[in-house]
Amino acid sequence: RASKMLQKLNLKQEKILDIQSALKTADMNNDKQLDFEEWRSELKARGYADGEIEALFSKYDQDGDRVLDEREQRAMTSELEGQRVAINRQIDSEKVRPASGKGATAAASHAEPQVTAEEFSALAHRVDRMERSIGSVVSKIDAVLVKLDAVEAGKAKRREQMGKLLDAINETEGVTDEYKRQEMERMVREQVQRFDGEPSLVVTPQDEAAAASASAAGSAIKSRSRRRSAGVSSDQSGASS
């Protein structure tokens, strides 16, 4: 527990030192006036989030002009230094506190670091941004899954239609294989043209109608084959006579 506490304090100390360093180098034009864009550019390069950058700058921008003058910069420097000294004391206290017993509990409670309003605000901003990002990703995944379901449904529907077409052709009797082949080519060509004309693989009302038309096409083939068979029989009867 003491090791974890020291790790947290050291990270907090490193952050303060990093901000102190940024304060010294952010004034790129050396006019002694630190405007927000200079501050944001410097902290962005150091990996800070927009919410944390804004919160820290606004805390010391007393007149709200989006510029930290020399007085405001000194105030930031002084407070950061005070926080650094306080953390050093906490680190020293954590290193020498008793390892067990009531004394250890009391020292741990005394050395427990407090979360400032700025730190909480920065963390809240980060969590909000993460939630929005995750929500966007989940929405996109849902949209992809819906599209995939539609594609699978379309494929199944088309397989069913083609199956009905082939069954209708194979069930015809009294016609030659060449005639069957020609009818199969014609109906397959019609189906391909219909599929190519659709904007997507989503099942459409035309797909529903095509399923019914397959059975109708089979009936038409059977009807034509019966007429052809009847004509052949008639010719044969006439020849016999």
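## Asp50 and Arg40

Asp50 has a relative accessible area of 30% and is therefore partly exposed, since this value lies between the limits of 20% and 50%. These figures, like the others in this report, come from a predicted model. The side chain of Asp50 meets that of Arg40 in a salt bridge, with a distance of 3.3 Å from N to O. This pair links distant parts of the chain: Asp50 belongs to helix 3 and Arg40 to helix 2, and the two are 10 residues apart. Arg40 is likewise partly exposed, with a relative accessible area of 30%.

Why can such a pair form? Side chains of opposite charge can pair when their charged atoms come close. The distance of 3.3 Å between Asp50 and Arg40 falls within the 4 Å cut-off, and the contact therefore counts as a salt bridge.

## Arg46 and its two partners

A salt bridge also joins Arg46 to Asp18, and here the closest N and O atoms are 2.5 Å apart. The two residues lie in distant parts of the chain, 28 residues from each other. Asp18 is in helix 1 (residues 2-25), whereas Arg46 is in the loop between helix 2 (36-45) and helix 3 (50-60). Arg46 is partly exposed, at a relative accessible area of 29%, and Asp18 is also partly exposed, at 21%.

Arg46 has a further salt bridge with Glu42, for which the N to O distance is 2.9 Å. Is Glu42 buried or exposed? Glu42 counts as buried, because its relative accessibility of 14% is under the limit of 20%. Together, Asp18, Glu42 and Arg46 are linked in a network of salt bridges.

## The count of salt bridges

How many salt bridges does the model contain? The count comes to eight. Among them are the pair of Asp50 and Arg40, the pair of Arg46 and Asp18, and the pair of Glu42 and Arg46.

## Gln20 in helix 1

Gln20 is found in helix 1, the helix that also holds Asp18. With a relative accessible area of 14%, Gln20 is buried, because this value is under 20%.

Which residues are in contact with Gln20, once its neighbours within four places in sequence are left aside? They are Thr77, Leu80, Glu81 and Arg84.

Definitions and conventions:
Residues numbered from 1 in each chain as written. Predicted model: local features only at pLDDT ≥ 70, side-chain atom pairs only at ≥ 80, totals over all residues. Heavy atoms only, no water. Helix = DSSP H or I, 4+ residues; strand = E, 2+ residues; numbered from the N terminus. Buried < 20%, exposed > 50% of the residue type's maximum accessible area, 1.4 Å probe, protein only. Contact = heavy atoms within 4.5 Å.
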